Amino acid sequence: TDLVRWLAVLIAAGLASQAATARAQCDATVARCLALQLWVGPGVDEGWLKAQLGEANLRLAAVGLGVEVVDVATRPASLARIETVAQRNRLLELGKQTPLRVFVVDHLADAEDPRTDRRGVTWRRRDDFAVILWTGANRWVLAHELGHVLGLPHSREHTSIMNKTVRAILPSQLVYTAREQPTMKRTASRLLAAHRLREKPR
């Protein structure tokens, strides 16, 4: 089964203790469950992984979507610190476009100013794309990056999770807004039809 193969990869990578928490389950009520492939190194905090995936699923449910990890792969140690465009592009050379790859790294620098850290990025090169997450990112950063995957730009709406300005709002109030949700649904349908995303069979 998928789970048995996934656990075998974890064991081979020395990450078996993360199995129970790194696998996010799509809610049974959502219309579509998008498949994710995690690329991780040793020592990734399992509570952090669980929080990232859980926060993403909590918000995606509003648009009838969810995400679920179907595979875990070992990220090369040489790509633990991502500081250049070339290194970002090297990540895109790993694996295939589907399932959607989420690369977890120990350091992520801004592509234009290496002195500035980034919490996460949706990186694209031609038709290829993937999410890159820093291990120190706040627990809702994956949800923000999935918004970019599904066609959303940054926002000025106060409650939007796509608004990255500092403001007085609780993390639990951050959502995909009613204005953003139709774009996400259309983009998900388009990317699935073009085989740029993959749906997990249920």
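The structure holds one disulfide, that is, a pair of cysteine sulfur atoms within 2.5 Å. The partners are C26 and C33, with 2.0 Å from S to S. The link of C26 and C33 is right-handed, with 80 degrees about the S-S bond. Both cysteines, C26 and C33, are buried, where buried stands for under 20% relative accessible area, exposed for over 50% and partly exposed for what lies in between, with a 1.4 Å probe and protein chains only.

These values come from a predicted model, in which local features need pLDDT of at least 70 and side-chain atom pairs count only at pLDDT 80 or more, while totals for chains, interfaces and linings use all residues. Residues are numbered from 1 along each chain as its sequence is written, and side-chain values use heavy atoms, with hydrogens and water left out.

Beyond its neighbours within four places in sequence, L60 is in contact (heavy atoms within 4.5 Å) with residues including L65, V67, L146, L150, Y176 and M184.

How many residues of α5 are buried? The count is nine of its nine residues, and the helix is mostly covered. L142, H144, L146 and H148 are among these buried residues. The cover over α5 includes α3, β2, β4, β6 (120–125), β7 and α6. G151 follows the helix, and its phi is positive, near 95 degrees.

α5 also gives the most to the lining of the largest pocket, with three residues. A pocket is an open set of points on a 1 Å grid over the protein atoms alone, where a 1.4 Å probe fits, with protein on both sides within 12 Å along at least five of seven lines; lining residues have an atom within 4 Å of a point. Of its 20 lining residues, R119, N138, W140, N163 and K164 are the closest to its centre. The lining has seven nonpolar, seven polar and six charged residues, with Asp, Glu, Lys and Arg counted as charged, Ala, Val, Leu, Ile, Met, Phe, Trp, Tyr, Cys and Pro as nonpolar, and the others, Gly among them, as polar.

Methods
Helices (H or I, at least four residues) and strands (E, at least two) are DSSP runs, numbered from the N terminus.
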